[in-house]
Amino acid sequence: MTYKKNFDLPPVSSRCDALTMKKETIFIQIASYRDPQLGLTIKDCLEQADDAERLRFGICWQKDDSEQLSYTDDDRFRIEEVPFKESKGVCWARNSVQQLYQGEDYTFQLDSHHRFVKGWDTILIDMLKDLQSKGHEKPLLTTYAPSFDPENDPGARVQEPWEMTFDRFIPEGAVFFLPRGIPNWRNLSEPVPARFYSAHFAFTVGKFAEEVQHDPEYYFHGEEISIAVRAYTHGYDLFHPHKVVAWHEYTRKGRTKQWDDDKTWGEKNSKSHSKNRSLFGMDGQDMPEEMRFGKYGFGKVRTLRDYEKYSGLHFGKRAVQQHTLDLKYPPNPAPEDDAEWEKTLTSRFKHCIDVGFGSVPEQDYDFWCVAFKDKNGEDIYRKDADQAEIERMKKDPDGYCKVWREFQTDKKPHSWLVWPHSRSKGWCDQVTGTL
């Protein structure tokens, strides 16, 4: 593997007067995989900053031979050039970037497809310092940034700040989040408390790049919830910015993903899920010796249980408090006694069964049996799809039917069944899967 690295900071004489106070610097972390938006993201980041001279970029540039970047000779940039076929995934790349940190005052983790408001750097520093003045030693400003579309920019930029809400525990154990607009944001004067972490927008004190590094053995899923909890246990207080600071592209149009090129990505992702379950003690899963976490484990300022009570999540039970489901801000109401606290939790299972159009070819279905079963093959839950739902699903532009189901259960579902019934052919072939 060959890298090109620009690791030297600019000499003091070229950047500021030696007699003035030291300039506060921001270490910007970007992991980019064959992304045509990378150069445009950097350009806008520099142009919209109040002080572009205080920016230091660490970039893991996973590239093909056709890509060009104008900043390789700029002494504010530390760039690792990695042939894309040698990439090991996004968490590996983000970990590589964090090794380029050189003691900057702040750090800002981004993806490679963003746009920024004017003065974003001053806005974030002021937010963070205001939170510190109110007793939060290590505030972490993070969110799913509102969206923009490169094909209609700036016209399609969403102009309200977003926050992150709980969606579900997926069968593999990771927590999924959803974005939503921050209520009453125009009347807010400070960021709102957060439970969750976004890997594409995270601004905090610089030492975060050393204290809470991405585990390079994680692949994709589980990344954000593990960082959220690890950050909290290291003493970071999580907040969502109450105003728009940047925009993020969610469409992925025109971008090759690492898993498009990596034939072993499924194996890597399965290992990541297993490690994530071990981290959180889910499903009674023991941690093999080779999966010991070391510096990629929890901090010592707070415990996992402290985070669970703060957020209203119980990882071992895959359970959640109603306070969290009601989209109320943390910290959650939590009795000190664990047994009493656990009585306030509910186990909600939410899952999407993906059924390819080729598995359901008939045109006259009147209903589908949809059931979830335990490990012994006994039904846990059943809710059939009626004709209207079937017709709606069979028009899905993604080319497969999305069968969403949500229910309360104390048992972990082990498998699912979709059994279509046709008016002309009766019961058709079953479609089954494990969770």
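Tutor: A salt bridge is a side-chain nitrogen of Lys or Arg within 4 Å of a carboxyl oxygen of Asp or Glu. Side chains of opposite charge can pair when their charged atoms come close. Please note that this is a predicted model, in which local features need pLDDT of at least 70, side-chain atom pairs count only at pLDDT 80 or more, and totals for chains, interfaces and linings use all residues. Residues are numbered from 1 along each chain as its sequence is written, and side-chain values use heavy atoms, with hydrogens and water left out.

Student: How many salt bridges does the structure hold?

Tutor: The structure holds 40 salt bridges. One of them joins Arg 180 to Glu 163, with 2.7 Å between the closest N and O atoms. Strands (E, at least two residues) and helices (H or I, at least four) are DSSP runs, numbered from the N terminus. Arg 180 lies in strand E8 (residues 175-181) and Glu 163 in strand E7 (residues 162-169), so this pair ties together parts that are 17 residues apart in sequence.

Student: Are Arg 180 and Glu 163 buried or exposed?

Tutor: Buried means under 20% relative accessible area, exposed over 50%, and partly exposed in between (1.4 Å probe, protein chains only). Arg 180 counts as partly exposed because its relative accessibility is 26%, whereas Glu 163, at 2%, counts as buried.

Student: Which residue forms a salt bridge with Lys 425?

Tutor: Lys 425 pairs with Glu 362, the closest N and O atoms being 3.1 Å apart. This pair links distant parts of the chain, 63 residues apart: Lys 425 is in the loop between strand E21 (415-422) and strand E22 (426-427), and Glu 362 is in the loop between strand E16 (348-356) and strand E17 (365-373). Lys 425 is exposed at 56% relative accessibility, while Glu 362 is buried at 19%.

Student: Which residues are linked in a network of salt bridges?

Tutor: Arg 305, Glu 308, Lys 309 and Asp 338 are linked in such a network.

Student: What residues have the most contacts inside the largest nonpolar core?

Tutor: A nonpolar core is a set of buried Ala, Val, Leu, Ile, Met, Phe, Trp, Tyr and Cys residues joined through side-chain atoms within 4.5 Å. The largest here has 73 residues, and those with the most contacts inside it are Ile 28, Ile 42, Phe 57, Phe 108, Trp 120 and Phe 315. A second, separate core of 18 residues includes Tyr 365, Val 418, Cys 428 and Val 431.
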